[in-house]
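Subject: Structure for your review

Dear colleague,

I am passing on the structure we spoke about, together with some notes on what turned up when I went through it. Please read the notes with the structure open beside them.

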Amino acid sequence: MSKTIADLKRGQRGIIKSFSAETIPLKLLEMGCLPGNEVELVQSAPFRDPLYVNINGSHLAIRNETARQIEIEILT
Amino acid sequence: MSKQLNVALIGNPNTGKTSVFNQLTGLNQQVGNYPGITVEKKEGICKLPKNIKAHILDLPGTYSLNASSLDENVVIELLLNKNDKDYPDVAVVVSDVENLKRNLLLFTQIKDLEIPTILVVNMADRMERKGISIDVPALEKELKTKVVLVSARKRIGIEELKEHIVNYRHLSTEPCLNASSMDPEYFNRLRNAFPNQSLYKLWLVITQDVNFGNVNRNSIGIKEDFITKDDSTLKRLQQKETILRYQFINGALKKTMSVDVNAAKGLRAGLDRILTHRIWGYVIFFSILLLIFQAIYDWSSYPMDFIDESFARLSELTRSVLPAGPFTNLISEGVIPGLGGVVIFIPQIAFLFLFISILEESGYMSRAVFLMDRTMRRFGLSGKSVVPLVSGTACAIPAVMAARNIEDWKERLITILVVPFTTCSARLPVYLIIIALVIPEESFMGFNLQGLTLMLLYMLGFGMAIFSAWVLHKILKIKSRSYFVIEMPNYKLPMFKNVGINVVEKTKAFVLGAGKIILAISIILWVLASYGPGENFNNAREIVEANYSETFLPEEELDELVASYKLQHSYIGNIGKAIEPAVAPLGYDWKIGIALISSFAAREVFVGTLATIYSVGSDEEETIKSRMASETNHILGGPLFTLASGVSLLLFYAFAMQCMSTLAIVKKETNTWKWPVLQLIIMTAIAYLAALLAFQFLR
Ligand SMILES: Nc1nc2c(ncn2[C@@H]2O[C@H](COP(=O)(O)OP(=O)(O)OP(=O)(O)O)[C@@H](O)[C@H]2O)c(=O)[nH]1
Ligand SMILES: [Mg+2]
């Protein structure tokens with residue numbers, strides 16, 4: 001199974017690969033969540049929800065259910 | 001008349017549009033370091049060079065022209081409607097230098113509408129610290145328009161911006177992106193059908209429905225039957241559009257902007273490690289709330305005592321200076337005590353606004369949203385409901401409006417419905433005076449007992465809000481498309497001028513707004529209390545003298561008895577007696593009943609009303625508090641304000657929906673009377689029951 005943003009550990013980075021176009025809000029794309037961009041998990045709230053991420057320089061908080069739909073390749 | 005120019009300030013949330021607006025117009029609109037401070041359009045006038053006047057419009061922040069929440073929709077509706085009186089001659093896109101890439105997305109969209117567009121790169125004062133440098137002339141060439149580096153804080157670049165606005169006719173309106181490259185065949189068809197429209201505008205109108213309501217297609221002449229595409233294809237095309245735009249932006253920035261990565265990081269990372277920590281984050285959040293309530297109670301008691309006594313003295317002074325007569329009585333017994341009832345709360349309200357303003361300006365509010373989202377979601381709310389709930393402690397009206405940036409309609413509706421349970425500043429006057437009367441001034445484990453009670457009341461308000469949210473969440477059957485994205489802005493040192501302006505403006509609005517109602521009500525009440533129908537009122541002295549003919553009474557005591565006899569048989573006394581049966585089970589007498597009813601206009605009227613009623617009934621120089629303390633319960637005997645009746649009153653005010661303005665704003669925000677009417681009925685019923693139980697139980 002491929003990894004998603006929800007699998008990142010704090011401080012870890014990844015490169016966004018793909019996501020299902022139907023379920024991801026357009027707003028997220030517009031904030032820079034596009035394939036090829038880098039994403040870093042800055043902080044996670046208890047129960048890993050929501051997640052505070054840095055996507056391509058935008059600092060955002062998103063819910064776990066959204067994060068699980070964004071596939072990434074984890075960088076070490 | 002010189003020609004007037006329409007200028008619209010557009011940009012992502014929290015980029016400093018309102019700050020630029022304030023600089024241009026010299027007005028003081030509220031700013032804050034939280035995305036979504038401005039939720040409505042605001043207008044102002046700016047004098048430009050060459051004697052031209054510009055009409056400046058400050059708009060809510062939006063991430064793109066594909067709206068996903070109500071506040072964002074304001075911008076789209078304006079830009080799609082050429083006939084709107086505010087339709088801009090020139091658009092000024094305000095961007096944040098630290099997020100330029102993302103900000104440019106919106107810029108390219110607006111440019112593609114073929115409106116002359118100027119790019120403001122704001123917060124230029126932070127460039128050096130962040131290691132950012134920009135080649136402005138090269139960027140201007142890439143974006144085919146004028147670019148200005150601005151610092152709204154330091155007032156840099158504002159004059160240059162004005163120059164560019166005046167010369168807007170020289171700006172190129174060439175689009176950034178060739179929209180038809182998304183789907184050439186489809187766009188050719190569009191172009192042939194509507195040769196006079198900008199292609200991108202057509203595209204926007206067609207796609208709006210996918211995300212969000214009702215842009216009027218007829219406004220540009222697209223017939224409903226012009227076959228569009230199915231939703232998922234449109235959505236895919238929107239994504240393609242976004243990707244194409246970012247390609248363009250990346251290309252433009254690569255050549256013109258450089259960031260020294262080593263200079264970045266710093267403050268944000270360090271602070272976030274603590275403030276959003278899974279344990280310390282919450283400890284700090286709740287400590288901040290605790291601090292706020294303790295401060296409101298303790299620090300403001302000194303100026304309050306002073307104000308209370310000053311008003312009592314002022315009353316006495318007017319009475320001795322002005323000639324005796326009905327007019328003097330109106331002033332000294334009606335108006336002054338009534339107004340004193342509001343003025344006394346200025347210190348507390350100012351403190352409250354001060355704290356909320358600091359929380360917003362510093363960037364902390366978004367962290368609170370992050371910490372609370374999961375918990376709030378359980379109750380059918382969103383993390384973003386934290387802001388309405390916290391600012392609801394100041395006033396429910398801006399709080400209801402602050403719910404606009406919640407994307408999900410169900411979460412937003414629930415937030416709007418429960419916000420009036422939070423303890424707004426108008427409840428403070430009532431709480432404070434009752435607490436002072438019935439809760440002993442002692443310490444409990446180092447905490448001031450009265451302060452603790454107040455804190456309990458605040459928690460009760462929150463608790464009730466959360467609980468009813470949960471109930472609504474279970475009852476309401478609304479399909480929701482739950483998603484949540486919030487930006488975490490950089491921390492900033494609050495700008496004291498902004499905070500100061502905010503506190504002064506809000507306090508002023510509170511005092512003037514409440515002052516007007518209270519003035520009117522206190523005059524009406526005074527008239528009703530000073531005149532009465534029939535024998536009993538007119539011959540009060542004779543009747544009282546006859547009743548007490550057996551016992552010898554000193555002149556003073558007799559006067560007092562007469563005054564209170566008169567009050568009982570005045571118009572207001574009669575009204576009060578009529579409603580007394582309804583409020584007696586809660587432990588109130590008819591005077592409180594009157595205050596209760598008049599405070600359905602606005603809660604803060606309560607103290608003013610009692611002050612007016614009581615001062616008509618007595619002649620001595622006294623503070624409101626001591627007057628209330630000496631009242632007796634004529635039904636049950638003993639003092640009127642006991643623990644039981646006090647708690648009952650506190651609970652009534654905690655739960656009842658007593659604010660016309662809130663009802664009006666809820667109607668406006670939900671577009672129907674259904675919700676405000678339900679709010680009024682249900683909240684008041686809960687209040688009555690709670691007060692009834694409390695009094696009967698504690699008695
Ligand atoms: N350092 C710096 N901070 C600024 C500047 N301009 C604005 N700010 C701060 O940025 C924050 C946001 O400013 P606002 O004017 O409220 O932004 P806005 O675009 O109107 O925000 P919304 O109405 O929420 O969309 C505030 O904390 C301002 O004090 C600037 O030039 N430099
Ligand atoms: Mg604003």
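**Around the ligand**

A polar side-chain atom of B:Ser19 lies 2.7 Å from an oxygen atom of ligand 1, and please keep in mind throughout that this is a predicted model. Two further polar approaches belong with that one: a polar backbone atom of B:Gly16 is 2.9 Å from an oxygen atom of the ligand, while B:Asn122 brings a polar side-chain atom to 3.2 Å from a ligand oxygen. Taken on its own, ligand 1 has 650 Å² of accessible area, and the protein covers 99% of it.

As general background, nonpolar side chains in soluble globular proteins tend to be buried together. In this model the largest nonpolar core has 126 residues, and the members with the most contacts inside it are B:Ile434, B:Tyr588, B:Phe606, B:Phe641, B:Leu649 and B:Phe652. Helix H20 of chain B (residues 449–475) gives the most to this core, with ten residues. The core also draws at least three residues from each of two domains of chain B, namely domain 2 (280–299 + 345–425 + 472–494) and domain 3 (505–698).

**Two single residues**

Is A:Gln43 buried or exposed? A:Gln43 counts as buried, because its relative accessibility is 4%, which is under the 20% cut-off. This residue is found in strand S2 of chain A, residues 38–44, and its side chain reaches across to chain B, where the backbone oxygen of B:Asp272 is at 3.3 Å.

B:Asn538, by contrast, counts as exposed, because its relative accessibility is 55% and the cut-off for that class is over 50%. B:Asn538 is found in helix H22 of chain B, which covers residues 534–538. The C-alpha atom of B:Asn538 is separated by 8.0 Å from that of B:Lys566, although the two residues are 28 apart along the chain.

With best regards

Technical notes: Residues numbered from 1 in each chain as written. Chains lettered and ligands numbered in written order. Predicted model: local features only at pLDDT ≥ 70, side-chain atom pairs only at ≥ 80, totals over all residues. Heavy atoms only, no water. Polar contact = N/O pair within 3.5 Å; in protein donor to acceptor, adjacent residues only side chain to side chain. Areas by Shrake-Rupley, 256 points an atom, 1.4 Å probe, with all protein chains shown as cover. Core = buried A, V, L, I, M, F, W, Y, C linked by side-chain atoms within 4.5 Å. Buried < 20%, exposed > 50% of the residue type's maximum accessible area, 1.4 Å probe, protein only. Helix = DSSP H or I, 4+ residues; strand = E, 2+ residues; numbered from the N terminus. Domains from an automatic or database assignment.
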